[in-house]
Amino acid sequence: MRCGVFLCECGGNISGVLDLDSLADSARTHDGVVSISRNQFMCGTEGRRMIEQAVEERGLDRIVIGACSRRFQGPTFERIARELRLGENAVAFGNLREGCSFIHRDEPAKAQLKAEKIVSAAVARARFQSDLPRGRTFLHRSALVVGGGIAGITAAEELSGAGIDVHLVEREQSLGGYMARLSKTFPTEDCAMCSLAPQLTGAALDPRIHIRTLTDVTEISGPPGEFRVKLRQRPRFVSEACVGCDDCTAACPVSVSSEFELGVTKRKAISRPFANAVPSLYAIDKRGPAPCKSACPAGTSAQGYVALVAEGRFDEAYRVASGPNPFPSVCGRICTHPCERACARGEVDEPVAIAALKRFVADHVGPETVIEKVPVIHSEKVAIIGAGPAGLTCARDLAKLGYRTTVFEALPVAGGMLKTGIPDYRLPKDVLEREIDQITALGVELKLGQRAGKDFTVDGLLENGYGAAFLAVGLQKSSEVEITGAELEGTERAVEFLRRLNLGKSVSVGDRVVVIGGGDVALDAARSAIRLQQTSGREPNVTLVYRRTRAEMPALGEEDEQAIEEGLKVEFLVAPLEIVGKKGRVSALKLQRCKLGEPDSSGRRRPVPIEGDVTEIEADTVVLAIGQDIVCDFLEGCEDVSVEKGQIRIDRDTLMTGKSGVFAGGDAAATGGWTAIEAIAAGTRAAHSIHNYLRGEKLFEVWPAKAAEARPSAEELARREVGQRIPAVLLDRSDRCASWAEVVGGYSEEEAIAEASRCLACAVCSECEACVRACPAGAIELDQQEETEELAVGAIIVATGHKEFDARRKIPLGFGRFSNVVTQSQLARLLAPSGPTAGELERPSDGAVPKKIFMLQCVGSRDCTSSGNEHCSAICCLFATLHASLIKQHYPDVDITIGYTDLRAPGKSHEEYYRLVQERGVRYVRGRVGEVMEEADKSLRVRFEDTVTKRKNEELFDLVVLSAGLEASAGTTEIAHVAGLQQGSAGFIKEYHPKLKPVDTQRAGIFVAGTAQGPKNIPDTIAQAKAAAARVVSMLSAGFVLTPAQVASSNLEQCIGCGICESVCPQGAVKLSGGDNPHSVVDANSCRGCGICAAECPSGAMTLGGYSDEEILAEVMV
Amino acid sequence: MTSTAAENTRAPETEDGAERKIVAFFCRECAYAAADATGNARVSLPTTIRSVLVPCTGRVSPLHLLKALADGADGVYVAGCLEGQCHYREGNLHALDRIEFSRALLESVGVEPERVQMFTMSAADSPKFVAAARKMHETISALPPLKRK
Amino acid sequence: MAPTTPDIEPITGGVQLFRSCLVTTEYPGVESASKWLFDRFDVEYIVNPDQTCCTGLGYYSDLLPFPTTLGVAARNACVAVEAGHPIQSYLCSTCYAINKKSRNVLEVPEFRKESNKALAKIGREYNDEVAGTIRHMHTLEILWSRHHSIPGLIKRRLDGIKVATHPACHYCKVFPDEVVGDAENFMIPEDLLEPTGVIKTGNYNEKTTHCGAGFRQRFVNPSISVAVTRQKLRRLAEEKIDVCVHMCPNCALQFDRHHSIIEQSANEEYPFVHLHTQQLVALALGADPDTVCGVKAHSQNVEPILERIGARERAVV
């Protein structure tokens, strides 16, 4: 080493405390020091010349500077060394000023000793400093701009002007950002849209600007200059064919709060935020299946028909309701409606009465619907065994696919359990028949009285021209129960009992009936028995006995309530022991009392007998309703089909039995529960499978996993007003028990519309497809999928903007609770000529022009409580002033008060504007508001203190406007995570240096502009966007960049491939590579030189340029 | 060169007989900036403290801390950014882990663990920097000189 | 309405029930109900005979200088830590605020030194160990930390009873950032009661307006004091509540003792009663109204509400 030591006097700052001559003498004694110089200002031109001279004359290869802090003049000396071609790491520093002379002025002797150590340490360090290599990265001449507000658009335009390709990415459906929402801008009061619209069009037409909307950035990797960016584009569901005619929004039945209008008005599920939007295409807000649709085994778009009912469009509603389900009228009555259990409205008050609405639609429209017969287009015939809901649905769906189908039914009537199991008072026979007629009208052939295995065989059908068969034979007999006395006269089995009744055969019951069981069949039998007793002039005397409690009863809650109203007696926690008989007839039922024990496999608590507690009920009829069983007649002549545990064995994906071409479903081969809607769903699936089988297509189709359902957040639900569902009308008890008339009445039109309006539109788009039918351009594409894309770009500008502070967080100010409390941005919409009121100022509660307005400043800003932000939001004082001025000019009589903390109007022409508006008569009061209270007439009582006059005021206002502050937008937080950028207070992106590098971020090659960086007005935003663009241009114009010198590097010989470095690197710059024999590799462009990896490396392979262990220890050990 | 350094490792004996040596690692982003601000404000500090600039406290390894003590320092401390404000996300937390590790190690061989400490501060918080330096000085002055075998 | 108060770490032991002068002398049922609930929630606690008054009344009436309050607070912290029960559970929000404030002031070396001079005379010291160990919590916070056990313990449903919270200013306003939940819409009392079937009021006009007591204001400026109380009573009446639930004996005292007097003098009706949160929760969990909740100490007639919830019908525990 040939080292020169350069000592700086710093104009006396150093030399006034330290004796530099003595220091020079001590420095001279160190090995390797060949030159000593001192100067008044070593950083000046004279100092530079001394260094140059010493390097040349003394052949220096290392320089030690004893001067001020390295953080201060370090770069100056490093540059000199670089220019003298000494390399990247030739300078060592001794901090004689901030580190010694400044802080030890009182103890010069000790300071002198310390200074010697400092210089000695620097010399020691210099010995270990070696040159650091720097690489070159060639730059992509393209940039990514994240955020399509005014900042993003401006930056994109500037970059395009410099010949750089720009990918402009926006997460919303159109460009424009916040500025598009403003009415006018301060201080010139010119129209915001007038200045924005040409920019939008310009960007859209610019061949170098590639716009992607509904797009999120999901990953940024690689070094600056050659970033790799992953994008995810959400589906728009509307293609480029859209001509913007607006027919779709007229057709769409779903209205939700408009984000663009900040909730001031509503929009449709298909919409375009504003007329000049770029791109001009509409988009559908489709968030997945609604909970009701997701819960329906048949996948009915319940939200869809409910939305259409709410609009009074019953025909279309019927079309949606009957799409996957040929029995809407039936299901509207007897479905177990899992949709209602899933309904999000149930978390607010009560679920929407979805089933009742379906019934309304089907009853209203069904009969008039003209059936379009589908021509037979396939030669294969399909046989369906069983005319229940599964069989008939399958037949209908196959007919719609163009197949000839024949339904074989053992009984003389069609309908299966719907016909023979459910009594008339729940499901009138004509309702069922009407829907069956619609199925046969499609050309489905019904062959009644044909029992499989007896009158024909399945194998026989397949041999005689049928291409496939579907077994939907159901569970047609009661389960056998082992109980003493089951053979006695007066013992009935529920399935058979109900079948005889529903087929019109003569049935009678005794005076005292006991029904055993807790399911729907038990209740049907019990209520039928009550009617049998009453129609024959007897008092009802029917008791239901059930082993558990009401909470565990599988029957529908509303139904057992109706039954009890009709006089049904219920005994819970009793298990039948024996049917007691006298002379061969039933005389009583012996019961064991139970209590609830541990839950069983079904999750219900198991009844446990209470030892010795036995009771008896007198009875002359006992109905056993404890389950159903399959009747296996059909197996005769049906090879390779087997029944196991009472169910036909099938493949659960295809529903195919052991025999090729023979499928099974419904109760006889259930894939879910034994309910009508599950049977209907099975019929649809069977039709698909049979079609696939016959066409030789993907027989083993796996049904797609259900998409995650769309559900409003708990917070949204909490905000909903609590109401209640419109109750169905019930027949009077005395009327209904003496007849078989339907008990539950349907809704009137008004009731149906009111009930349907309770829907929360969980999924926004209800998938009713009204827009598909309405679009003249055929632009709706409901099956569009999310797409991903990868780009390579040289630089990135983050312009993701801000969001308005959620004023709900300031609870005493009443926002979100009181209709006449709005935010300043909402007021902007109310004042905008393009807004919902066409620029007329109307207060939300009644549309009247407010006479007295209070504007409340610093909402969520300059606020040290935990619900607010500390920062000043910078624009609110003038935003309020602007709106006050606009209102004053249009409505001179309106009285406006602005309650402020401090009035801040810096910036060009802003103070003048404030004075002007004061002169227009706007009252400014210094003081913050304690509380806003709502009066009965929706006017608002505001309590505030005037801190100038020191008076407490309480006044009534018609409208209160909250100047809610600015916070980082969700998009800003998201990009900060993706790009690894730091966020400061309220989430704004931290700039690299607040003064010197205001648009650079911590990550090289990524820049920030606009309100993503902090609150600011439009001119400042534009200036910053242009600055960021300039930074990108200057970076990319160089053609290449040098990698930084102070980066980590790994010694391959020593690296053991443990991967600790990769796990600790905050930049993701260190990666393991090399497959089976891994070693760490540093991406020098991404490394920012923190050295965490070097300190963590267990093998000593990793080091940091300029801060190797040797360099640090040399300094430490002196 | 190393031999010269070794000769200089003996703590200088001043009049009061006990000038100690404290090695301090300052992160470039916060603590070193606070040190500069302190200097510019001409605040008097104990001369015992010898600062070493590191890019981030995450660069400091137990080797550096222990070697400093083994080679003549009576105390050593690390000063970095406030928790959650590290310019490299978690460098200061890594440093804290290593300091705790080093303290445990020292304790196991009978050396007072308070000879190794960590402080955090913002770049603007000169008072906190001064307090840290003085506290460290007081702590170390109250301890006997570190005995080495 | 789902609970808005965030869950906090469950407290199971090490609690010292900090006795309050107002609770002890005016509404002893609040203390006994709190103890009764601690037992139900399996919270291990002690009542420490060495604990003394927080000095709040004296301090806020300008009778005691602050160093006295500080020394007493330091001593109270020492005795709690010595007893191995460092979680001070306050029944009164003034005790809470004054001790918590003192904790902060005791971090200032001069004040700590001064207090320790006094403590030295009784052989105690408020040192880093005490400062680092002592914790200050309102009793409602401790109950909230165990609120998941409430649904399984309910013996009397409170279906249809509408309750409103009167947030205590010395809890919500002195340390707004340390409030569990929202300082401007404090909800623990209602959230604790939610499983019992009560109707919650949530936020209401002037929720944060105080009770009017203001320590000596009650005596020195009775007209202002009572005017504020009346304003608050009218606001509560607008909400058509059945019970106003309290968390501070100062508020409860101001309301309970003045309720009927204000009704008569203003010729207005405020048809509801005042109870401490702990009393109402305990009633729902089956506590005896007299021996546990001490309702006879109330000036208002609370019998109708007790009858409504079936607390007079039968002993359930």
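Reader: In chain A, what share of the contacts with a separation of 6 or more comes from residues 24 or more positions apart?

Author: Keep in mind that this is a predicted model. A contact here means heavy atoms within 4.5 Å. Counting the contacts in chain A with a separation of 6 or more, the share from residues 24 or more positions apart is 70%.

Reader: And how many helices and strands does chain A have?

Author: Both kinds of element turn up in chain A. The count is 35 helices and 51 strands.

Reader: Why is chain A called more spread out than a compact globule?

Author: For 1118 residues the globule rule gives 32 Å. The radius of gyration of chain A is well over that, so the chain is more spread out than a compact globule. Along its principal axes, the C-alpha trace spans about 135 × 80 × 70 Å. The radius of gyration itself is 41 Å.

Reader: How far apart are the centres of the positive and negative side chains in chain A?

Author: Chain A carries 129 positive side chains and 150 negative ones.

Reader: On to chain B: in what order do its elements run?

Author: Chain B has 5 helices and 4 strands. Reading from the N terminus on, they run α-β-α-β-α-β-α-β-α.

Reader: How much of the accessible surface of chain B belongs to carbon and sulfur atoms?

Author: Buried residues make up 55% of the 149 residues in chain B. Its accessible surface comes to about 6300 Å². The part belonging to carbon and sulfur atoms is 53%.

Reader: Which chains share the most contacts?

Author: Chains B and C can be ruled out, as no contact joins them and their closest C-alpha atoms lie 14 Å apart. There are 2 pairs of chains in contact, and the pair sharing the most contacts is A and B.

Reader: Where in chain B is the pLDDT below 50?

Author: The mean pLDDT of chain B is 87, and 87% of its residues reach 70 or more. The stretch below 50 has 22 contacts in the model beyond near neighbours in sequence. The stretch in question is residues 1–16 of chain B.

Notes
Residues are numbered from 1 along each chain as its sequence is written. Chains are lettered from A and ligands numbered from 1 in the order in which they are written. Side-chain values use heavy atoms; hydrogens and water are left out. Helices (H or I, at least four residues) and strands (E, at least two) are DSSP runs, numbered from the N terminus. The radius of gyration is taken over C-alpha atoms; the globule rule is 2.2 Å times the number of residues to the power 0.38. Lys and Arg count as positive and Asp and Glu as negative; His and the chain ends are not counted. The place of a charge is taken as NZ of Lys, CZ of Arg, CG of Asp or CD of Glu. Buried means under 20% relative accessible area, exposed over 50%, partly exposed in between (1.4 Å probe, protein chains only). Accessible areas come from the Shrake-Rupley method with a 1.4 Å probe; for residues, only the protein chains shown count as cover. pLDDT is the predictor's confidence in each residue, from 0 to 100.
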